Amino acid sequence: MLAMSNLTGKYSDKNHSNTSQQENDNAKASDEMDPEIKKYLRGKGVSLKNLKDKKLKGKLSTKEALYKQSARNAAKVEQWLLPSEGGYLEAEGLEKTSNYKQEDIVREVDLLSSRKAFDIKLQEFGPYVVNYTLNGRYMVMAGRKGHLSIMEWKDLRLIKELQVRETVRDVKFLHNEQFFATAQKKYIYIYDRSGTEIHCLKDHTGPLRLEFLPKHFILASTNKYGILRYQDTSTGELISNHRTHLGRCDVMRMNPYNAVIALGHNNGTVTMWSPNMNTPLISMLCHYGPVTALAFDSQGHQMITAGNDGKVKIWDLRRYAPLHSYSCHAKSLDVSQTGLLAVGCESLIEIWRDALTTKQQRPYLKHHFVNGSQVQNLAFCPYEDVLAIGHSKGITSILVPGSGEPNFDTFVANPFETAKQRREKEIHSLLDKLQPEMIMLDPETIGAVQRSQRENKETKTQQAREANMQAAVAAGKNVVLKNKTKGRNKPSKRQKKKQDNVIRAKRPFIEQQLKKEQSLKKQKTDDLNLPKALERFVRK
């Protein structure tokens, strides 16, 4: 028995030494941690040396280990799942990137990228509008005189081409490349990939613009009478029918953050709509003239508007206030996944970099049509550095380095998906489909506790009182004290006077709060229905 106890003691000592050595190795590893891992850490770790509470020390050490492990996992994800980095054009010396022409860019890029720049001349059926699928693999184009075409644009492989012999004003893909909707002269028509007419939506009369909400499976349209309609493409139900009472409307965009539809009107206002309300959620006066174009950034927090007053304005939708503006008579706008802004004006296209955050002095790139083609529509291709331009004489695709997101998430959009993956994704999308009632300005309020009107009013009053008290305290601290005679100008006395000023500023707010609390307490005692024998024991 003695020998066994000795062996056990030796084994436990050895085990203890191994664990301590492992802890030292981990400490050294954390000291010499890779900078790629360090940037994901949550600051400096907690020092556990002086802690005496063993339970707290164990919990904190476990949390620190989890933080380090999550940082390592994030670094691995960046290393293996985000291998590509976006790149932009960089000028040398006194050169400017806006002076680079498309011929120069196409000459310098690789062979596969150079094939993405092309020009399709279709002078008889223009002007054209263009739309891409969510994964950027397919493109559909529609000419005003009835020409429709769907193609796998990277390989320049034409899938289907048809002539509807009717005016076509807009075209949009639905949830995938199998179906697309067109706004024709009288109604909206839905076609499949082979060009077969599937549906005719006769409730949508005289459509001008279309938008598809992919997470809700809703097709929205606006027409020449200023009527906004929502139709569920999965059930065929007409969800809502809103009259804007602002006349003809041919400017419409969807905010990707909350799926709210924004409409630009001839009186210079932009209204934001939800299918749940007959009145606009927000109405903003953006221009002193008709609104000609609208666009949102990929995060949905900034809106870009263009008007006939010759201004392109950037708006912060968190404050509903303008950030800055540019002088340009823009007819078409679009924003890429990385935040590049494309502006189309007559036969000139300008691409601006970082124009949403700070005001820029010159554009990032320019492209000019020598043959005088008028720009009708602009569309950045998702996950590709390509901008498609629909104009009066056909379709032009130009290279815009840095416009596309370099890394894609296959759960969101897969440019290389197979037919089986497409079917599975379609089923999952239908199962995860959001209801129209969930479309609102702030989608984060979904799942939160809905407060009563009285509680909201009390919260606002309390916040206003606190803000006023803070402003009064700040004013009391900033009071300039007079320099007095010797003995009356001591630092201690000056500090005491400052404190008295702060107390004097707080006093009316505290008195008001005490009066309110006393009135509430009195009201509670009055509401109590007690027998007369017990009323003497109620606190007053």
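Four strands make up an open sheet in the order 1-28-27-26, with antiparallel pairing. Here two strands pair if DSSP finds at least two bridges between them; strands (E, at least two residues) and helices (H or I, at least four residues) are DSSP runs, numbered from the N terminus. At the edges are strand 1 (118-121) and strand 26, each of which pairs on one side only. From one strand to the next the twist averages 15 degrees. Such angles are taken between N-to-C directions and run from 0 to 180 degrees, with axes fitted as lines to C-alpha atoms, for helices over the stretch in contact. Strand 27 and strand 28 run antiparallel and are joined by six bridges, and Ile389 stands opposite Thr396 in strand 28.

The model is predicted, so local features need pLDDT of at least 70 and side-chain atom pairs count only at pLDDT 80 or more, while totals for chains, interfaces and linings use all residues. Residues are numbered from 1 along each chain as its sequence is written, and side-chain values use heavy atoms, with hydrogens and water left out.

A second open sheet of four strands has the order 18-19-20-21, again with antiparallel pairing. Its edge strands are strand 18 (291-296) and strand 21 (321-327), each pairing on one side only. Neighbouring strands in this sheet are turned by 20 degrees against each other on average, direction ignored. Strand 18 is joined to strand 19 (residues 302-307) by five bridges, and the two run antiparallel. Phe296 stands opposite Met303 in strand 19.

In the chain as a whole there are eight helices and 28 strands. Of its 540 residues, 39% are buried, where buried means under 20% relative accessible area, exposed over 50%, and partly exposed in between (1.4 Å probe, protein chains only). Among the contacts in the chain with a separation of 6 or more, 46% are between residues 24 or more positions apart; contact means heavy atoms within 4.5 Å.

The largest nonpolar core has 31 residues. A nonpolar core is a set of buried Ala, Val, Leu, Ile, Met, Phe, Trp, Tyr and Cys residues joined through side-chain atoms within 4.5 Å. The residues with the most contacts inside this core are Tyr132, Trp153, Ile349, Ile351, Leu387, Ile389 and Val400. At least two residues of the core come from each of strand 2 (128-132), strand 3 (139-143), strand 24 (348-352), strand 26 (375-380), strand 27 (386-391) and strand 28. Leaving aside neighbours within four places in sequence, Tyr132 is in contact with Tyr138, Met139, Trp153, Phe173, Ala379, Phe380, Cys381, Pro382, Val386 and Ala388. Another core, of 27 residues, lies apart from the largest one and includes Ile218, Ile261, Ala262 and Leu263.

The structure holds 14 salt bridges, each defined as a side-chain nitrogen of Lys or Arg within 4 Å of a carboxyl oxygen of Asp or Glu.

| Glu90 | Arg353 | 3.8 Å |

Glu90, Arg353 and Asp354 are linked in a network of salt bridges. Glu90 is exposed, at 58% relative accessible area, whereas Arg353 is partly exposed at 26% and Asp354 is partly exposed at 43%.

Glu384 counts as buried at 12% relative accessibility, while Lys154 is partly exposed at 25%.

Glu417 lies in the loop between strand 28 (394-399) and helix 6 (419-431). Glu417 is buried yet has no salt bridge, and the nearest side chain of opposite charge, Lys425, is 4.8 Å away. For charge, Lys and Arg count as positive and Asp and Glu as negative, with His and the chain ends not counted. Apart from neighbours within four places in sequence, Glu417 is in contact with Asn135, Arg137, Glu177, Arg422 and Lys425.
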